[in-house]
Amino acid sequence: MEEREGEVRWDGLCSRDAATRAAALDTIGQAILRRSETIAPLAAVPPTRAADGLLAPAARDGLSELLARLLMLSKRCPFPDVREKSEAILSEVQELGIRIPRPLGHGPSRFIPEKETIQVENEDATMHALFADSFAALGRLDNVTLVMVFHPQYLESFLKTQHYLLQMDGPLPLHYRHYIGIMAAARHQCSYLVNLHVNDFLHVGGDPKWLNGLENAPQKLQNLGELNKMLAHRPWLITKEHIEQLLKTEENSWSLAELIHAVVLLTHYHSLASFTFGCGISPEIDCEGGHTFRPPSVSNYCMCDITNGYHGVDEIHASPTGSITSAESVCEVEALMEKMKQLQECRDEEEASQEEMATRFEREKRESMFVCSSEDEESAPARDVSRHFEDTSYGYKDFSRHGMHVPTFRVQDYSWEDHGYSLVNRLYPDVGQLLDEKFHIAYNLTYNTMAMHKDVDTSMLRRAIWNYIHCMFGIRYDDYDYGEINQLLDRSFKVYIKTVVCTPEKTTKRMYDSFWRQFEHSEKVHVNLLLVEARMQAELLYALRAITRYMT
Amino acid sequence: MEKMARVTTALGGNALTGRTMFCHLDAPANAISVCRDAAQVVVAGRNIFKIYSIEEEQFVEKLNLRVGRKPSLNFSCADVVWHQMDENLLATAATNGVVVTWNLGKPSRNKQDQLFTEHKRTVNKVCFHPTEVYMLLSGSQDGYMKCFDLRKKDSVSTFSGQSESVRDVQFSIRDYFTFAATFENGNVQLWDIRRPDRYERMFTAHNGPVFCCDWHPEDRGWLATGGRDKMVKVWDMNTTRAKEIYCVQTIASVARVKWRPECKHHIATCSMMVDHNIYVWDVRRPFIPSAMFEEHKDVTTGIVWRHLHDPYFLLSGSKDSTLYQHIFKDASQPIDRANPEGLCYSLYGDLAFAAKESLISSDSNRKPYIGDRRHPIFFKRKLDPTEQFEYISSSSALSVFETDVESGSMDWFVHTAKQYALAGRPLPELCDHNAKVAKGLDRNQVAQTWTMLRIIYSSLSTVSSTNLNHSMGKGSTTLPLMNSFNLKDIPSGLGSESRLDRSKGESRSENILMDSSSTLMNNEDNEETEGSDVPADYLLGDVEADEDDLYMMDHENPHAEEQEYSLPQEAFPLRHEIVDNPSALDHLQDKADSPHVSGNEAETVSLTPVESFSLISISHSLYENRLPSDFFNPIVRDTLLFYAEQGDVQTAVSVLIVLGDRIRREIDEQTQEHWYTSYIDLLQRFQLWNISNEVIKLSTCRAINCLNQASTTLHVNCSNCKRPMSNRGWICDRCRQCASMCAVCHHVVKGLFVWCQGCSHGGHLQHIMKWLETSSHCPAGCGHLCEYT
């Protein structure tokens with residue numbers, strides 16, 4: 001496959017210079033047409049392809065890929081010239097009698113109707129700049145970007161960080177970075193991210209053998225498996241012994257700088273997996289499940305929905321802002337705002353005692369584990385993804401469910417701003433700064449709106465969400481009254497948060513739809529950004545604390 | 001208990017005594033503070049809040065302020081401060097946002113006095129007014145600072161920083177009304193306590209949070225700040241704009257700074273992470289701490305000078321649950337351990353040497369190097385008479401030794417680098433060209449090598465064996481004598497050092513002979529050259545050789561043959577390198593074509609006859625056999641190794657590039673990489689950027705190749721609005737104008753853009769060059785006298 005890709009050069013398309021792009025596209029077009037012509041007579045014989053577009057003969061395989069990629073370009077390239085040209089090539093191919101793919105119509109997200117997302121054609125100038133940046137760096141405009149672009153300010157920081165982690169100077173070789181990304185995403189059975197990074201991994205010259213499972217990767221990466229597992233599901237169990245294990249001098253040992261890089265990558269992809277599921281990101285058009293060669297008449301059934309656990313796809317699509325504007329849900333927003341106002345005003349009056357505060361935290365921590373989605377069936381991990389990690393049974397376990405008592409992590413003793421930042425920046429220069437900016441933007445992002453209301457101070461709500469997530473990981477803020485969480489976050493919202501953060505693969509459209517019914521999609525994406533960053537910070541805090549302890 | 005707490009020892013300001021000592025606390029400390037009389041210290045942390053008295057030999061626990069059954073977050077202290085006017089008064093900042101005051105004069109066990117619960121987030125810092133008994137200031141994570149009057153229940157005024165969390169607040173010692181606050185976003189604000197609506201001044205002090213600040217105790221108007229960016233900065237606040245007057249770069253984020261009493265320029269710091277030591281810096285000497293306390297095993301969280309007027313006692317608390325008293329005379333002084341001598345070799349062979357003056361002066365009495373061209377230059381740094389403290393003499397001297405112009409000149413290197421052709425032509429042409437270049441620079445040995453390479457790898461058939469030169473040595477006739485002398489007198493052990501083990505298959509005695517002869521020569525030589533650098537090769541005289549003729553001095557060949565047919569009559573192993581010495585003796589002075597080569601070739605010449613004798617017989621066999629070209633690979637490899645070893649990495653790399661695949665497999669990757677990096681380094685020192693880039697491009701090592709790809713980003717500011725260009729196009733995001741306009745032709749520059757660093761105007765390289773021929777002013781008309789380097 002990589003051989004074929006080498007034959008057709010896509011990189012020219014990433015250029016900002018229209019002429020370069022056009023030239024590149026011309027070559028691509030010629031190559032594709034040439035290949036199509038050789039295949040066309042074959043394709044004319046009905047039996048070879050009529051049965052199944054995907055199971056076409058091997059000769060077709062390479063072409064299908066190319067066509068899929070072209071389809072992606074025609075839909076998702078930020079440059080209109082490329083879009084038009086690729087479409088033209090596709091139709092030319094079609095005229096040769098070869099079936100061309102068409103996208104499976106979801107838009108970038110399964111949860112958000114396509115018409116409500118930002119379309120590639122009509123983005124504004126800032127967004128276009130971001131798209132172009134993203135396209136230049138990755139050679140594609142992925143669905144994650146298309147959803148995140150609801151919040152361009154954050155997206156910019158996100159892309160910058162991700163680009164730095166994956167492509168800029170760093171202690172780890174490029175293919176390691178993508179492989180670690182695969183490992184991390186696979187922990188949550190996130191086939192979307194795994195597929196993306198498998199491609200990137202091969203593109204930077206990774207050994208395809210590694211993709212057969214972690215046991216085929218070098219020992220060094222295998223050693224990371226344990227940390228990956230714990231970080232993803234029970235970060236509070238990480239101790240300095242684990243770090244010691246990885247760093248002890250032997251053949252396959254990690255250096256501190258490499259370890260920090262790996263940890264940042266792992267946490268990045270764990271939380272990105274949360275985002276992917278939390279927003280119901282659809283498969284990329286050019287990846288498996290993102291397109292089909294079948295004619296549209298065939299049923300709308302899609303493999304990936306099953307494997308990703310989207311059971312709710314067939315549900316009648318209930319637009320959150322649309323049909324069910326029942327009085328009840330309107331009240332929801334008002335009630336929430338009322339509560340916020342109350343908390344704001346009377347916080348000095350009913351001052352809770354110290355024990356009360358402590359118990360409130362404990363209660364929230366305890367309760368967070370009972371907050372479970374009602375549809376708690378085990379879904380088998382997708383076939384492709386499962387081979388990237390061992391020990392599938394290891395998942396998020398709540399604190400005291402098994403009688404384990406984990407001491408509370410106090411943020412005042414080890415915080416990102418004071419401690420984590422310094423450690424990361426020391427061992428992996430500039431990344432501390434990038435992450436700091438990203439956390440900062442995510443935490444402080446606000447448009448002062450809530451659903452249909454304007455000029456609302458949402459800081460209290462955002463803080464409640466952030467602290468609730470940290471609370472699930474046992475991280476406590478001394479200066480926070482955890483009673484507020486109970487007042488502000490209702491049950492369905494808690495279920496959603498808990499699922500997305502701890503077991504993202506179980507997120508369903510129903511969950512997504514059932515919380516905050518009056519709110520805009522962009523606001524729900526905003527919530528997801530908070531979840532992503534809070535989760536990432538929580539994992540990082542535990543890992544970095546262990547590393548600090550190892551170092552002292 | 002309360003009686004004990006009230007006990008104060010009547011120690012005079014300067015009469016403090018004590019030793020370095022410590023005591024274990026039950027829990028990690030977050031902050032410490034001392035009583036005015038320097039006899040007691042309070043330690044506060046998440047799980048500890050105790051008062052210790054400082055005795056002569058030990059700390060004695062005086063009072064535990066954590067009373068009551070129920071654990072309360074009010075006791076979980078982020079900061080503690082002891083009032084400097086009233087020894088009964090303490091204040092703590094709790095992690096849950098409460099400010100608590102404590103009155104030790106209270107008769108009950110619980111000394112808690114007042115509770116202010118106004119802050120919404122953790123309180124990071126509390127500070128008493130230095131002269132006003134009832135005034136307390138707090139700074140919190142919620143971004144507010146509050147001033148409390150201890151006689152009232154609530155705060156008197158609230159100051160909103162309008163930015164992020166407050167990390168530190170400090171009352172000014174000079175101005176009754178002023179206080180400084182530092183913020184998480186890097187700002188420092190100055191406030192007037194009477195005007196809560198707006199800060200008086202604000203400036204950005206650090207990149208990232210400013211964790212701490214401290215007003216200078218005497219030189220009023222100096223403020224020291226420490227931040228996450230690992231800097232300690234001293235600001236002069238007397239001017240209208242805060243001016244940074246000193247800056248100390250530490251190795252970790254700075255958690256606390258405290259000016260040392262009675263020492264105008266000294267400041268103590270400790271860090272937030274990673275580094276556990278306490279440093280005392282002289283801000284004028286920011287590169288090395290003047291004192292260092294290394295006792296703590298975990299990060300130091302609180303430091304305080306024991307007495308306001310005593311510079312010798314420092315107390316510290318740490319996360320490792322200990323409380324220390326450090327005595328200055330026990331401090332370790334990194335300056336003692338620093339290497340006071342410095343030595344550096346310049347590009348052109350000059351040597352600079354800096355050392356303490358005393359060392360140099362004693363040295364200059366004896367004149368060990370005769371005929372040494374040295375021009376010592378002395379620099380002295382006079383001691384600051386105002387600084388009577390523990391400085392060892394800092395006067396030092398710098399001497400520069402210059403090598404003489406001829407032998408040290410590296411011109412040949414530059415010329416060679418510029419003229420060599422490395423790619424783009426067929427191999428024989430490249431070799432010929434390079435041989436000519438080498439020849440032109442009188443580097444006959446190298447030229448010879450190139451010629452040989454050409455012969456080996458390209459056209460064996462074109463060479464007719466009749467062209468062979470039977471080289472005849474013209475050397476001295478002392479050879480037999482020397483041989484016997486060497487064999488007898490040099491112990492065999494000497495041979496082990498040498499690199500001559502390349503000559504496989506030789507008998508041991510031969511080896512010894514070889515080595516010992518070269519060592520011997522070295523001994524006679526000057527001290528600079530070491531045995532391993534000396535080319536102990538036999539020079540082959542081919543006097544009759546015409547310039548255009550081929551020199552068939554292929555002694556690779558004898559070497560190879562040797563394994564098959566032993567050459568019994570040889571007294572010497574056959575060596576690889578050819579030095580073309582048409583008139584060996586006359587040439588000696590010019591022979592210094594490699595920096596390491598010195599006069600010892602004179603001796604080697606004497607060995608020539610034997611070598612050339614063997615050569616005649618062998619080189620014939622070569623051309624009759626028509627060997628495949630890779631037959632010579634091991635020998636070429638050895639040649640390259642030889643050059644590299646000799647210090648002429650240029651030749652090694654050039655040959656490597658020219659031969660490419662033919663030889664690459666013979667030499668291990670690491671060695672190649674090493675050569676490349678050395679050569680590139682040299683090229684860059686000579687500022688031969690283009691050539692170094694070409695070498696990088698042509699190299700086949702992955703590690704070298706990617707040198708070209710690292711940090712290829714160039715950040716530019718828009719020339720109109722002076723803001724960074726975030727967009728990668730030609731148009732600035734902010735001012736919507738084309739950023740890179742040529743000042744001459746007023747078109748957008750795509751491609752090579754050159755601009756003056758003074759006025760930031762510029763344009764097409766060609767246009768600017770043309771312009772500068774006629775005028776030295778900026779073409780944009782800004783009046784700047786542009787300078788291009």
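User: Where in chain A is A:His188?

Analyst: Before anything else, please keep in mind that this is a predicted model. A:His188 is placed in the loop of chain A that lies between α9 (174-187) and α10 (191-203).

User: Okay, and is A:His188 buried or exposed?

Analyst: A:His188 has a relative accessibility of 0%, and because buried means under 20%, this residue counts as buried.

User: So which residues is A:His188 in contact with, leaving aside its neighbours within four places in sequence?

Analyst: With those neighbours set aside, the contacts of A:His188 include A:Ala232, A:His233, A:His270, A:Ala273 and A:Phe277, and also A:Cys502, A:Pro504, A:Glu505 and A:Arg535.

User: Let's switch to how the chains touch. How many residues of chain A are in contact with chain B?

Analyst: There are 26 residues of chain A in contact with 31 residues of chain B. The area buried between the two chains is about 2,700 Å², and carbon and sulfur atoms give 46% of that.

User: Why give an area for an interface?

Analyst: The accessible area lost when the parts come together is often used to state the size of an interface.

User: And how many salt bridges are there between chain A and chain B?

Analyst: The count is 5 salt bridges, and one of them joins B:Arg167 to A:Asp418, where the closest N and O atoms are 2.6 Å apart. Between the chains there are also 12 residue pairs in polar contact, counting pairs with both residues at pLDDT 80 or more.

User: Which elements of chain A give two or more residues to the side that touches chain B?

Analyst: Those elements are α16 (354-370), α18 (416-427), α19 (431-444) and α24 (521-551) of chain A. The largest share comes from α18(A), which gives 7 residues. Sorted by class, that side of chain A has 15 charged, 7 polar and 4 nonpolar residues.

User: Last topic, chain B on its own. How many helices and strands does chain B have?

Analyst: Chain B has 20 helices and 34 strands, and of its 789 residues, 52% are buried. If you take the contacts in chain B between residues at least 6 apart in sequence, 53% of them join residues at least 24 apart.

Note on methods
Residues are numbered from 1 along each chain as its sequence is written. Chains are lettered from A and ligands numbered from 1 in the order in which they are written. This is a predicted model: local features need pLDDT of at least 70, side-chain atom pairs count only at pLDDT 80 or more; totals for chains, interfaces and linings use all residues. Side-chain values use heavy atoms; hydrogens and water are left out. Helices (H or I, at least four residues) and strands (E, at least two) are DSSP runs, numbered from the N terminus. Buried means under 20% relative accessible area, exposed over 50%, partly exposed in between (1.4 Å probe, protein chains only). Contact means heavy atoms within 4.5 Å. Buried area is the accessible area (1.4 Å probe) that two parts lose on being put together, summed over both. A salt bridge is a side-chain nitrogen of Lys or Arg within 4 Å of a carboxyl oxygen of Asp or Glu. A polar contact is a pair of N or O atoms within 3.5 Å; within protein, one must be able to donate a hydrogen and the other to accept it, and residues adjacent in sequence count only if both atoms are side-chain atoms. Ala, Val, Leu, Ile, Met, Phe, Trp, Tyr, Cys and Pro count as nonpolar, Asp, Glu, Lys and Arg as charged, and the others, Gly among them, as polar.
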